[in-house]
Amino acid sequence: ITGHGHGWQSLTATLGIVRVLTDQVEPDAALATLEPYGDLSKLPPSWRIRFLRAYGHVYAAQGREPESLAKFHEALTLEAMP
């Protein structure tokens with residue numbers, strides 16, 4: 001179900017897999033799963049926020065605090081928009 005599609009099923013499946021991989025302390029595999037969605041600007045804001053949060057968690061699991069905080073900050077900025 002995952003892949004390059006931007007339908008809700010593929011997006012939800014991708015985020016679910018990323019969450020499982022992050023919980024299993026496999027952040028490199030989680031990051032690879034997110035890779036097909038590289039340009040998040042093509043996603044609707046609600047999905048972009050979810051993906052930014054996923055990146056934040058993955059980067060935190062990798063010990064990349066500055067990148068993690070940047071993704072979480074970007075997600076919060078989008079949430080604050082009307």
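## Basis and fold

Helices (H or I, at least four residues) and strands (E, at least two) are DSSP runs, numbered from the N terminus. By that rule the protein chain holds four helices and zero strands, and its pattern along the sequence reads α-α-α-α. Helix α1 spans 8-23, helix α2 spans 27-34 and helix α3 spans 45-61, and helix α4 takes in residues 65-80.

The model is predicted: local features need pLDDT of at least 70 and side-chain atom pairs count only at pLDDT 80 or more, while totals for chains, interfaces and linings use all residues. Residues are numbered from 1 along each chain as its sequence is written, and side-chain values use heavy atoms, with hydrogens and water left out.

## Overall dimensions

The radius of gyration of the protein chain is 12 Å, in agreement with the value near 12 Å for a compact globule of 82 residues (C-alpha atoms; the globule rule is 2.2 Å times the number of residues to the power 0.38). Along the principal axes, the C-alpha atoms of the protein chain fill a box of roughly 35 × 30 × 15 Å.

Contacts are heavy atoms within 4.5 Å. Of the contacts in the protein chain between residues at least 6 apart in sequence, 48% join residues at least 24 apart.

## Surface and charge

The protein chain exposes about 5100 Å², and carbon and sulfur atoms supply 58% of that area (Shrake-Rupley method, 1.4 Å probe; for residues, only the protein chains shown count as cover). Buried residues make up 34% of the 82 residues in the protein chain, where buried means under 20% relative accessible area, exposed over 50%, and partly exposed in between (1.4 Å probe, protein chains only).

The protein chain carries 7 positive and 9 negative side chains (Lys and Arg positive, Asp and Glu negative; His and the chain ends not counted). The centres of the two sets lie 8 Å apart, with each charge placed at NZ of Lys, CZ of Arg, CG of Asp or CD of Glu.

## Aromatic pairs

Rings of Phe, Tyr and Trp (its six-membered ring) pair if their centres lie within 6.5 Å; planes under 30 degrees apart count as stacked, over 60 as edge-to-face and the rest as tilted. The count by this rule is two aromatic pairs. One of them joins Y37 and F51: the ring centres are 5.0 Å apart and the planes stand at 50 degrees, so the pair is tilted. This pair links distant parts of the chain, with Y37 in the loop between α2 and α3 and F51 in helix α3, 14 residues apart. Y37 is buried at 3% relative accessibility, and F51 is buried at 0%.

Y55 and Y59 also pair, with ring centres 5.8 Å apart and planes at 40 degrees, so this pair is tilted as well. Both residues lie in helix α3, four residues apart, about one turn of the helix. Y55 and Y59 are both buried.

## Helix α4

K71 lies in helix α4 and is partly exposed, at 22% relative accessibility. Leaving aside residues up to four places away in sequence, K71 touches L52, Y55, G56 and Y59. The tyrosines of the Y55 and Y59 ring pair are thus among the contacts of K71. K71 and Q24 are 47 residues apart along the chain, and their C-alpha atoms are separated by 21 Å.

E74 lies in helix α4 and is partly exposed, with a relative accessible area of 37%. From E74 to T14 the separation is 60 residues in sequence and 20 Å in space, C-alpha to C-alpha.

## Loop positions

V25 lies in the loop between α1 and α2. V25 is not a glycine, although its phi is positive, at about 55 degrees. The relative accessible area of V25 is 62%, which puts V25 in the exposed class.

S41 is found in the loop between α2 and α3, and at 51% relative accessibility S41 is exposed. S41 and T12 are 29 residues apart in sequence, and the C-alpha to C-alpha distance is 17 Å.
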